[in-house]
Amino acid sequence: MKKILSILTLSALFTGLLSGAQAQDAKAGDAQAGAKINSMCIGCHGIPGYKASFPEVYQVPKIAGQGAKYIEAALVEYQKGERKHPSMHAVAVSLTEQNIADLAAYYSQLGMTGSAAVPDAPPAPPPQVAALLEKGGCVACHGENFNKPIDPSYPKLAGQHADYLFAALKEYQTKNNARIGRDNAVMVGMAAPFSHAELKLLARYISSLPGDVKTVAESRFR
């Protein structure tokens, strides 16, 4: 018994040391480095009002001011095909782990200097939207104001383009499609019971809220 306990203790110690080493190996993002390698990003995300045409027409998401860990997570999902989008997959697979960390660091701080403070409490939603939010349990992950998610790998949603939010939510309902769709199990379950009309109502409300995310015009396009 003592020998077994000793082995278990050593195993636990080794696991702890390994976890610490992995944490130290995590890539630290360099915003200045990210600014030098964002040429593949600015053609869509650096033009206010720019619209994508696949899989439908919608404004490309605002990513300036978005959380760094979420940007990293999204790019890795595009790399792995967990988010299906031909253009984003092509961009993501060309990036190293360090590239991703640097771009995330750059965009997370872009446009944040001198920004007006975002109110802690959003305007109350209409009763129909409030019922939909409760049904989906949205605030449990994205926070009461949809701008302070409970986990840094979750996105800030407040102020994001409504048409993009609607398209993204529909992708969580998409199955057996080789070119579009998102595989996040939590969001797939959340989106499943909603009609498209209900998803559009949610997207419009969340888009109307004040938030950090924005599109910062790339200086080369001004």
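The model is predicted, so local features need pLDDT of at least 70 and side-chain atom pairs count only at pLDDT 80 or more, while totals for chains, interfaces and linings use all residues. Residues are numbered from 1 along each chain as its sequence is written, and side-chain values use heavy atoms, leaving out hydrogens and water.

**Exercise 1.** Find out how many salt bridges there are.

Solution. Start with the rule: a side-chain nitrogen of Lys or Arg must lie within 4 Å of a carboxyl oxygen of Asp or Glu. Apply that and you get five salt bridges.

**Exercise 2.** Work out which parts of the chain Lys170 and Glu56 link.

Solution. First check the contact: the closest N and O atoms of this salt bridge are 3.0 Å apart. Helices (H or I, at least four residues) and strands (E, at least two) are DSSP runs, numbered from the N terminus.

**Exercise 3.** Decide whether Arg182 and Glu171 are buried or exposed.

Solution. Take the cut-offs: buried is under 20% relative accessible area, exposed over 50%, partly exposed in between (1.4 Å probe, protein chains only). Arg182 has 5%, so it's buried. Glu171 has 7%, so that one's buried too. Finally, the two form a salt bridge, with the closest N and O atoms 3.9 Å apart.
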